[in-house]
Amino acid sequence: MQPSFIKHARLDVLFSLAIVGSIATTTVMAQEPTATGNPARGAVLSSSCIGCHGISGYRNAYPTYRVPKLGGQHPDYIVIALQGYKNQMRPHKTMHSQAVSLSDQDMKDIAAFFASQGAIQKAAAPLGTAPEMASTCVVCHGEGGVSSVPNWPSLAGQHKDYIIHALKEYKGALRKDPVMGGMAAPLTAQDIEELATYFSSQPGLSTVHNAVSPKTASSK
Ligand code: HEC
Ligand code: HEC
C-alpha cells in the first residue's frame, strides 16, 4: 500500500464529500424525497428487468461479468444509476435502451418495487480483514460496504466481477462520475482485485426474484 495515495485520497474524500454534499442537497431540493414511488406499479415496469436482474449469477456477455444485484440497494441510488444509463454517463448499451424511455416517476416506482422486496443483510461486523485502501471507500460506501447514505451504493455482497468492471470503467472515465473517477484513478489492478474480493464477500445485497405477478399488480 502506498501511504502517499492514502493521504492524497483522504484529501480527495473531503473535497468530494463537499461536492457530493452540494449535489445531494440540490437533488433533494429538486425532487421529492424517494418514498414517493409506487411499488405495485414498479413491479409491472420491472417485469422486463427480472429477465436479467432476477436470475442469480446471470452474466453480461462481452465483456463477461455478472449482472449487478439490486435487492437491498438504496432506491435513490437505483434512480441515479438509471438516470446515468439514460443520459449515457454510463456506457452500457442494453441498459441505455432499458432506461431511455423511463420517466422520473417510472424510475422511482421501479426503485420502490426493488426496495419493497427486502432490506440489505448486515453482518454485526464486517467479515475478514479489510484491505488498507478500503478505509477510504467505507467513508462513503459504509462499514463493510453497507452504505447509510441513500445516494451512495452499497457494495456489500455485490458480484465481485461486476465491482471490478465498474471500477475499471470509472478509472477509464467510460463511466463518468466526478467522485468515483477520482477514487478509481490511482487504483492498481491488484488494489481493484483486493477491494472487490473484500466487498463482494460481505453479507449484503441479494438478487430479487419477481415476487409480484405483473398480472395481479395494479398499473395505474
Ligand atoms: C439484458 C439484461 C438486462 C436487462 C433486461 C436489464 N438490465 Fe439492468 N443491468 C444489466 C447489466 C449487464 C448491468 C451492468 C451495466 C454496466 O456495466 O454498467 C445493469 C445495471 C443496472 C443498474 C445499475 C446497478 C448498479 O449497481 O449500479 C440498475 C439500477 C439496473 N440495471 C436496473 C434495471 C432495470 C430497472 C431494468 C428494467 C427496466 C433493467 N435493469 C433491465 C442487465 C440488464
Ligand atoms: C466520496 C464518496 C465516495 C468514496 C470515498 C468512494 N465512492 Fe464509490 N461511489 C460513490 C458514488 C457517489 C457512486 C455512484 C456513482 C455513479 O452514479 O455511477 C459510487 C459508485 C461505486 C461503485 C459502483 C457501484 C455499482 O453498484 O455500480 C463501486 C464499485 C465503488 N463506488 C467502489 C468504491 C471503492 C472501491 C472506493 C474506495 C477506493 C470508493 N468507491 C470510494 C461514492 C464514493
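How do the residues of the shell around ligand 1 divide into nonpolar, polar and charged?

**Figure 1. Overview of the predicted model.** This is a predicted model, in which local features need pLDDT of at least 70, side-chain atom pairs count only at pLDDT 80 or more, and totals for chains, interfaces and linings use all residues. Residues are numbered from 1 along each chain as its sequence is written, while chains are lettered from A and ligands numbered from 1 in the order in which they are written. The protein contains 10 helices and 2 strands; helices (H or I, at least four residues) and strands (E, at least two) are DSSP runs, numbered from the N terminus. Along the sequence, the pattern is α-α-α-β-β-α-α-α-α-α-α-α. The mean pLDDT (the predictor's confidence in each residue, from 0 to 100) is 85, and 79% of the residues reach 70 or more. Over residues 1–16 the pLDDT is below 50.

**Figure 2. The shell around ligand 1.** The shell residues divide into 11 nonpolar, 9 polar and 1 charged. Here Ala, Val, Leu, Ile, Met, Phe, Trp, Tyr, Cys and Pro count as nonpolar, Asp, Glu, Lys and Arg as charged, and the others, Gly among them, as polar. Of the 21 residues around ligand 1, those that come nearest are Cys49, Cys52, Asn60, Ala81 and His92. Two or more residues are given to this shell by each of helix H3 (50–53), H4 and helix H5 (93–99). A residue is near a molecule if its C-beta atom, placed from the backbone, lies within 6 Å of it.

Figure 3. Helix H6 (residues 104–116) has 13 residues, which at 1.5 Å a residue should span 18 Å, and the 18 Å between its end C-alpha atoms agrees. The expected span is 1.5 Å times one less than the number of residues. Among the buried residues of H6 are Met107, Ile110 and Phe113; a residue is buried if 20 or more other C-beta atoms lie within 10 Å of its own, exposed if 12 or fewer, and partly exposed in between, with C-beta atoms placed from the backbone. The buried residues of H6 pack against helix H2 (39–45) and helix H4 (75–86). Just after H6, Gly118 has a positive phi of about 125 degrees.

Figure 4. Leu102 lies in the loop between H5 and H6. Leu102 counts as partly exposed because it has 18 C-beta neighbours inside 10 Å. Not counting residues up to four places away in sequence, Leu102 touches Leu82, Lys86 and Met107; contact requires C-beta atoms, placed from the backbone, within 7 Å.

Conventions. Contact = placed C-beta atoms within 7 Å.
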